[in-house]
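Look at the structure below and follow the text along it.

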Amino acid sequence: MKQIFEYRVLNRKSLNELGQGVENDKKTFLENGLDYLGQSHWELISVANGEYYFKRPKD
């Protein structure tokens, strides 16, 4: 069976906004945003021209 993925593209501002909702004083908003996406099974696959590309298996 072929695995199907879903994709998401975010810019740095969007990642920072995601990170503001995570409580962790030792990390930046960007790091918190990346951690949040990782916990939701999103995998960073590329960064280009200020955009961050993610994928995860589609249910």
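Predicted model: local features only at pLDDT ≥ 70, side-chain atom pairs only at ≥ 80, totals over all residues.

Residues are numbered from 1 along each chain as its sequence is written, and side-chain values use heavy atoms, with hydrogens and water left out.

Start with helix H2, residues 29–39. Helices (H or I, at least four residues) and strands (E, at least two) are DSSP runs, numbered from the N terminus. Leu30, Asn32, Gly33 and Leu37 of H2 are buried; buried means under 20% relative accessible area, exposed over 50%, and partly exposed in between (1.4 Å probe, protein chains only). Viewed down the axis of H2, the buried residues fall within an arc of 165°, so they line one face of the helix. The arc is that of the directions from the helix axis to the C-beta atoms. Strand S1 (5–11), helix H1 (12–20) and strand S3 (51–57) are among the elements that cover these buried residues. After H2 comes histidine 41, with a positive phi near 70°.

Now turn to the salt bridges, of which the structure holds two. A salt bridge is a side-chain nitrogen of Lys or Arg within 4 Å of a carboxyl oxygen of Asp or Glu. One joins glutamate 6 and arginine 56, at 2.9 Å from N to O. Because glutamate 6 lies in strand S1 and arginine 56 in strand S3, this pair ties together parts that are 50 residues apart in sequence. Lysine 27 and aspartate 35 form a salt bridge with their closest N and O atoms 2.5 Å apart.

Methods. Contact = heavy atoms within 4.5 Å.
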